[in-house]
Amino acid sequence: MIYEINTKQKLPITKQKAWEFLSDPKNLQEIMPDDMGFEILSGADRKMFTGQLLQYNVTPFPGFNTKWVTEITHVEKPNYFVDIQLYGPYALWHHKHFIHEIEGGVEVEDLVHYKIPFGALGRLMHPLVVKPKLNKIFKAREAKMIEKFGHFDNQNK
């Protein structure tokens, strides 16, 4: 089974500023939850480009440390980019990052399609462990983006 996560966050910044931040792979470490033990190993020495390979160490759960290798497969500056997992904890990971210009700022959208390994056991673990953990990661990223760029004021937008 292929699962989906779709999150949207409004930020009071320009599309260019959002792109500059999100398209710099080094900034991923800044918006990941601290308890993920996220560490960039290689590939983040340049701004994002199609074909770029990025290697990380992550600790998604206490006592479970893994390498994660992603490839940037599509880049359309300043609108979107796509990364896929080549090696890591998922059977499939396809993550689209969109930046939409809106009145008063931008809406950043993440659309992730993913598959859990381990067959029936993975499907059982999804609602108990995996989906809550992914929701927690995206909520933490949202909070860190607000901390960095400010809260979007819905009253005037």
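Throughout this section, a residue is called buried under 20% relative accessible area, exposed over 50%, and partly exposed in between, using a 1.4 Å probe and protein chains only. The structure is a predicted model, in which local features need pLDDT of at least 70, side-chain atom pairs count only at pLDDT 80 or more, and totals for chains, interfaces and linings use all residues. Residues are numbered from 1 along each chain as its sequence is written, and side-chain values use heavy atoms, with hydrogens and water left out.

Helices here are DSSP runs of H or I with at least four residues, strands are runs of E with at least two, and both are numbered from the N terminus. Helix α3 bends by about 70° at H126, and a proline, P127, follows within four residues; the bend is the angle between axes fitted to the seven residues ending at a position and the seven starting there. The buried residues of α3 are G122, H126, V130, K133, L134, I137, F138, R141, M145 and F149. Their cover includes the strands β1 (3-11), β3 (53-61), β6 and β7, together with the helices α1 (15-22) and α2 (27-31), where contact means heavy atoms within 4.5 Å.

F118 sits in the loop between β7 (105-115) and α3, and its phi is positive, about 75°, although the residue is not a glycine. Most residues other than glycine have a negative phi, and most peptide bonds are trans. F118 counts as exposed because its relative accessibility is 67%. Together with L121, L124 and M125, F118 makes a nonpolar surface patch of about 450 Å². Such patches are made of residues with over 30% relative accessible area and no salt bridge, with like charges joined within 9 Å and nonpolar side chains (Val, Leu, Ile, Met, Phe, Trp, Tyr) within 5 Å; the areas come from the Shrake-Rupley method with a 1.4 Å probe, and for residues only the protein chains shown count as cover. M125, at 34% relative accessibility, is partly exposed. Another backbone feature is the cis peptide bond from K77 to P78, with omega near -10°; P78 belongs to the loop between β4 (64-76) and β5 (80-87).

Turning to charged pairs, the structure holds 6 salt bridges, each defined as a side-chain nitrogen of Lys or Arg within 4 Å of a carboxyl oxygen of Asp or Glu. One of them joins the side chains of K144 and D34 at 3.1 Å, N to O. This pair links distant parts of the chain, 110 residues apart, with K144 in helix α3 and D34 in the loop between α2 and β2 (39-42). K144 is partly exposed at 21%, and D34 is exposed at 69%. Another salt bridge brings together D35 and K133 (3.8 Å, N to O). Here D35 lies in the loop between α2 and β2 and K133 in helix α3, 98 residues apart. D35 is partly exposed, with a relative accessible area of 44%, whereas K133 is buried at 13%. D35, K133 and K136 are linked in a network of salt bridges.

A further salt bridge is formed by R141 and D110, at 3.8 Å from N to O. R141 lies in helix α3 and D110 in strand β7, so this pair ties together parts 31 residues apart in sequence. R141 is buried at 10%, and D110 is buried at 8%. Both residues are touched by H95, whose other contacts include F81, V82, D83, L111, V112 and F138, not counting residues up to four places away in sequence. H95 is found in strand β6 (residues 92-102) and is buried, with a relative accessible area of 4%. Its side chain makes a polar contact with that of H97 at 3.4 Å; a polar contact is a pair of N or O atoms within 3.5 Å, where within protein one must be able to donate a hydrogen and the other to accept it, and residues adjacent in sequence count only if both atoms are side-chain atoms.

In strand β4, T70 is likewise buried, at 3% relative accessibility. The T70 side chain makes a polar contact with the side chain of Y56 (3.5 Å).
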